Amino acid sequence: MPTVEELYGVWGSEEYDRLDADLERSLNPRGLASLYDIFGALGVGAEDLVLDAGARDAVHAIEIVRRTGCRSVAVDPLPLHMNKARRRVAEAGLEARIDVVQAELESLPFEDESFDYIWCRDVLNHVELEPSLRECHRVLRRGGSMLAYQTFATERLEPHEAQHLFAATASRAENMSPEFFERTAAVAGFRISSRDDLRTEWREAMLEQQTWDAVADLLSLARMSRLEPELVERYGGAAVEAKRGGLLWGLYQILGKTCSSIYLLERSA
Ligand SMILES: C[S@@+](CC[C@H](N)C(=O)[O-])C[C@H]1O[C@@H](n2cnc3c(N)ncnc32)[C@H](O)[C@@H]1O
């Protein structure tokens, strides 16, 4: 630990000013669209059928089909999401190329080896991991690949922050560990062909491109803390906790308390 004198000496130094200036330079973080490039680089083409596992409103299935010309099946267990997905697919005029199917990853209603590729973005925190990955492995053709984008806890996430974050975002604690993910992927039969730790890149890109307002999120959190009893009475505890979980998700990502990673998993030929 520095002495007070040493600390103020550092703060007042020219070196410290140069450090400040250095940190103002962009590190050219990859943005969200980089995930499509990584998926496209697998060789996805017009002849292929892609499973969008945990598709929500099918925005990604739509983008993948537009970019690659493939066909897709968008799967999600929630009727609310399925309705949105059907509406979006219809608006995009892609009903002939995208099917929307209500199902859980743990039990997929498809034949063995039905899909050439699987896209699974930001879903696996919620699921029972081993049956879900076994099902993905089963429905993937031999030699096919699955892209899994997933956020994990880092050692910077304190235990009580972890407990609160996981509860507020319906995330299974064990799934927030990359070691558990990798072990389970292997048990399900997958070979991990690559792991790419994005760390804070996407959030940096969002801040630099001004597509995410971290200051607004911090203000919302502060206001929620001050008004908590009133907000709970007005909107209910579930809404307040869900809002807090969503805000913390992004802020913990930029603080490095969580780390987002992209895995490419292969089913052997
Ligand atoms: C954070 S959203 C991500 C949605 C979309 N993949 C994206 O990246 O925008 C998580 C999604 O996982 C879905 N989900 C939750 N449990 C699931 C399960 N057991 N099987 C499949 N999807 C599930 C939710 O309904 C939700 O649409």
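In the predicted model, Thr169 is buried, with a relative accessible area of 16%, which falls under the 20% limit for that class. The residue is found in the loop between helix H7 (159-168) and helix H8 (178-187). The side chain of Thr169 forms a polar contact of 2.9 Å with the side chain of Ser171. Leaving aside residues up to four places away in sequence, Thr169 touches His126, Gly245 and Trp249.

Seven strands make up an open sheet of mixed pairing, in the order E3-E2-E1-E4-E5-E7-E6. Strand E3 (98-102) and strand E6 (191-199) are the edge strands, each pairing on one side only. On average, neighbouring strands of the sheet are turned by 15° against each other, direction ignored. Within the sheet, strand E4 (residues 115-121) and strand E5 (residues 140-153) pair in the parallel sense over six bridges. Ile118 stands opposite Met146 in E5.

Helix H6 (residues 129-139) packs on the sheet, where it touches E1, E4, E5 and strand E7 (258-266). The direction of H6 makes about 150° with that of E5. Helix H4 (residues 59-68) lies across strand E1 (49-53), strand E2 (71-76), E3 and E4, and runs at about 170° to E2.

Helix H9 (residues 201-208) packs against helix H11 (residues 237-254) at an angle of about 105°, with the axes 8 Å apart. H9 and H11 are therefore roughly perpendicular to each other. Arg203, Glu204 and Leu207 of H9 make the contact with Gly250, Gln253 and Ile254 of H11. The residues of this contact divide into two nonpolar, two polar and two charged.

Technical notes: Residues are numbered from 1 along each chain as its sequence is written. This is a predicted model: local features need pLDDT of at least 70, side-chain atom pairs count only at pLDDT 80 or more; totals for chains, interfaces and linings use all residues. Side-chain values use heavy atoms; hydrogens and water are left out. Helices (H or I, at least four residues) and strands (E, at least two) are DSSP runs, numbered from the N terminus. Buried means under 20% relative accessible area, exposed over 50%, partly exposed in between (1.4 Å probe, protein chains only). A polar contact is a pair of N or O atoms within 3.5 Å; within protein, one must be able to donate a hydrogen and the other to accept it, and residues adjacent in sequence count only if both atoms are side-chain atoms. Contact means heavy atoms within 4.5 Å. Axes are lines fitted to C-alpha atoms, for helices over the stretch in contact, and angles run from 0 to 180 degrees between N-to-C directions. Angles under 35 degrees count as roughly parallel, over 145 as roughly antiparallel, 65 to 115 as roughly perpendicular and the rest as oblique. Ala, Val, Leu, Ile, Met, Phe, Trp, Tyr, Cys and Pro count as nonpolar, Asp, Glu, Lys and Arg as charged, and the others, Gly among them, as polar. Two strands pair if DSSP finds at least two bridges between them.
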